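Morning, everyone. I have one structure to walk through today. Let me put it on the screen.

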Amino acid sequence: MEELHDQGLGPILAFALVGALGIGSQWLAWRFRLPGIVVMLVAGILAGPVLGLFDPARDIGALTQPMISLAVAVILFEGGLTLDLRRLGDAKAGVRRLVMIGAPLGWALSTLALHFGAGLGWESSAVFGGLMIVTGPTVIAPLLRQARIARRPANLLQWEAIVNDPIGALCAVFAFEIVSAFATGETLGEAMAAVVTGVAIASVVGLGAGWGLVKAFRNGWVPEYMKVPVLFAALLATFALADEVLHESGLLTVTLMGFLIANADLPSHDEIRRFKEQATLMLVSGVFILLAAGLDVGALGMLDWRDGLFIALVVALARPLTVMIALAGSPVPMPERWLLALTAPRGVVIVAVAGLFGQQLVAAGIEDGAVLPPLAFVLVVATVVLHGFSVGPLARRLRLTGAEVPGVIVLGAGPFGRGLAEVLCRAELPVLIADPDLGRLAAARRAGLPAFYGDILSEAAEDRVELLNFDAIVAATGNDAYNSLIAAGLGPELGREKVWQVAGERDGSARHARPAQLSGRGFADGRTLQELEAMLAEGARFRLTRLTEGYGLGDWHAERPHALPVAVIDGRGRFEMVAAPDALEAGPGDRIVALVPPGAEEGEAGTEAAALARDAQRTAARAREDRAADATAETADAALPGTLRPAG
């Protein structure tokens with residue numbers, strides 16, 4: 001271990017370790033329902049300062065900082081790709097206020113907290129206060145995914161983080177240029193002109209690059225297989241060009257570029273966005289491992305209790321005041337305002353940029369600039385840990401999360417879809433039945449089922465359907481091509497293992513077989529919708545049966561040899577369609593949804609109440625047998641001589 005500590009890992013092994021720690025941390029966080037950012041920070045600190053296995057400065061060298069800068073550029077560009085104005089909906093007014101009022105107000109309040117809380121001079125406070133506008137898109141996205149926050153507050157948090165990220169960096173640049181002007185004798189007008197010129201050039205470069213890419217993609221000048229590589233190359237080139245003109249203006253460039261592409265309505269937009277999301281997941285993981293492993297423990301000794309006071313002021317005073325004032329009089333409901341007011345984790349941008357400005361402030365003769373890098377790291381760790389563990393419970397308390405038990409979207413309001421939706425409602429599972437045919441949907445509405453009229457992939461569905469409440473979809477319309485479209489469209493969003501599709505009429509033909517990526521998972525032993533609805537027309541009914549310790553799967557099979565198991569709901573409410581009868585797996589506490597032919601299970605037989613009643617009868621019978629056995633033993637004891645009776 002000591003030899004490895006002295007010699008280092010070497011760049012190749014170091015990159016492999018960063019990847020393994022980053023993605024491994026993300027997987028552990030998903031598996032054990034922990035905040036992913038917190039797990040990554042812990043992994044990086046353990047591998048770096050604690051165990052000394054990995055030191056970015058030693059093992060990667062001078063490339064560490066440029067790599068982090070480029071990774072942040074890609075992350076912000078991916079964020080810009082999510083800024084589709086058509087999907088903003090009713091969060092538009094709130095986002096406008098958070099950017100136009102919240103950003104300058106947050107800068108002012110953070111500067112005051114730095115000066116009076118941390119004790120920094122006005123120069124360092126103004127520069128770092130500008131950076132405090134940034135709420136960290138690298139952190140917000142994983143938190144939203146983990147906490148399952150409702151659509152509108154999630155949009156507010158995400159848009160604020162992405163839009164304010166380059167604004168915060170540019171505010172810090174603006175403040176530094178003014179401070180530098182006073183230190184070097186440069187006029188204030190010259191300093192402001194340099195900043196305005198840099199911002200203008202960065203904006204023109206970003207919008208120009210975005211417009212050029214949209215035109216090239218739309219006119220077919222770039223083949224489909226080269227679109228993502230061309231996008232990456234253009235992204236890196238525009239970021240580098242803008243950053244050369246004015247440092248940190250590249251962040252504005254890539255955000256504007258992503259924003260323009262997001263609103264251009266390109267046919268290939270979804271494929272580009274999904275690839276970028278996967279790349280961003282890897283980059284966020286790597287960046288946090290690098291920052292945590294490169295922590296300078298010695299620099300933390302420069303901090304004292306006043307820095308803790310500063311963090312408390314930011315979290316408990318500056319951020320809530322900023323949000324409440326910015327959103328005063330807006331249509332944003334009060335619970336959503338409180339969620340935003342108490343959620344503001346900081347991410348990698350503030351750490352990366354604070355290190356640069358800290359060095360430049362010290363070079364300009366402002367000594368307390370040296371405190372900015374360790375203060376930024378502590379701020380990020382504190383807010384990430386705090387909000388990582390608090391945002392979920394806070395959102396649940398404010399009733400701004402998806403359903404505790406995720407539900408099911410049943411696509412198709414025919415007899416099979418309605419019957420399945422009704423039995424899932426009886427099981428107290430959130431259900432939405434959707435159909436683009438208003439006539440078929442009328443019967444579902446008369447039955448009191450939650451319904452959506454229209455295409456579930458439409459923009460109207462994005463505004464009206466809280467997809468966060470659902471984690472499974474059953475495509476069971478009479479249009480096999482439409483079912484496949486739904487499976488292909490929602491598979492990447494929900495997870496392909498959670499999308500089921502009824503068998504098509506010609507699925508058995510090799511000539512018409514669909515590729516796996518264009519279809520959902522099968523169920524009901526490969527029966528078509530016509531066959532399933534024919535069973536219902538002949539008198540079959542959906543039945544819901546709970547298994548218990550005394551009434552197991554074998555008993556269920558014995559009583560219903562001809563039943564067709566359709567789905568299983570486990571003890572925690574998780575839903576799973578059943579591929580075939582021999583694939584059925586269920587245990588005590590699970591509930592089986594099945595199509596039971598007429599005559600096999602009449603009346604209450606086969607229902608959950610009947611299963612519980614039978615289980616109670618078996619328990620009572622065993623209790624009577626136990627009491628009879630005890631009475632027999634007591635009679636036998638009474639017949640024995642006193643000296644042979646058991647004591648007690």
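Which residue in β3 stands opposite Ile 433? The residue is Ala 451. Keep in mind that this is a predicted model.

Let's build out from that pair. Strand β2 covers residues 431-435. Three bridges link β2 and β3, and the pairing is parallel.

Now the whole sheet. Five strands form an open sheet, in the order β3-β2-β1-β4-β5. The pairing is parallel. β3, residues 451-453, and β5, residues 499-501, are the edge strands. Each has a single partner strand, so one side of each has no neighbour in the sheet. From one strand to the next, the twist averages 20 degrees. As a reminder, strands of a sheet pair through backbone hydrogen bonds, in either a parallel or an antiparallel sense.

Next, the helices on this sheet. Take α20, residues 415-426. Which strands does α20 lie across? They are β1, residues 407-411, then β2, and β4, residues 470-475. Its angle to β2 is about 165 degrees. Then there is α21, residues 438-446. Helix α21 lies across β2 and β3, and runs at about 165 degrees to β3.

On to the backbone. Most residues other than glycine have a negative phi. Here are two residues with a positive one. Glu 428 is not a glycine, yet its phi is about 60 degrees. Glu 428 sits in the loop between α20 and β2. Is Glu 428 buried or exposed? Exposed, at 72% relative accessibility; the cut-off for that label is over 50%.

The second case is Asp 265. Its phi is positive too, about 55 degrees, and again this is not a glycine. Asp 265 belongs to the loop between α13, residues 249-262, and α14, residues 269-293. Asp 265 is also exposed, with a relative accessible area of 54%.

Last topic: packing. In soluble globular proteins, nonpolar side chains tend to be buried together. How many residues does the largest nonpolar core have here? It has 116. Phe 128, Ile 149, Ile 261, Phe 288 and Phe 310 have the most contacts inside that core. Helix α10, residues 151-184, gives the most to this core, with 13 residues.

There is also a second, separate core, of 37 residues. Among them are Val 410, Ala 421, Met 535 and Ala 567. Look back at the sheet region for two of these. Val 410 falls within β1, residues 407-411. Ala 421 falls within α20, residues 415-426.

That's my tour. Over to you.

Conventions
Residues numbered from 1 in each chain as written. Predicted model: local features only at pLDDT ≥ 70, side-chain atom pairs only at ≥ 80, totals over all residues. Heavy atoms only, no water. Pairing = 2+ DSSP bridges. Helix = DSSP H or I, 4+ residues; strand = E, 2+ residues; numbered from the N terminus. Axes fitted to C-alpha atoms, helices over the stretch in contact; angles between N-to-C directions. Contact = heavy atoms within 4.5 Å. Buried < 20%, exposed > 50% of the residue type's maximum accessible area, 1.4 Å probe, protein only. Core = buried A, V, L, I, M, F, W, Y, C linked by side-chain atoms within 4.5 Å.
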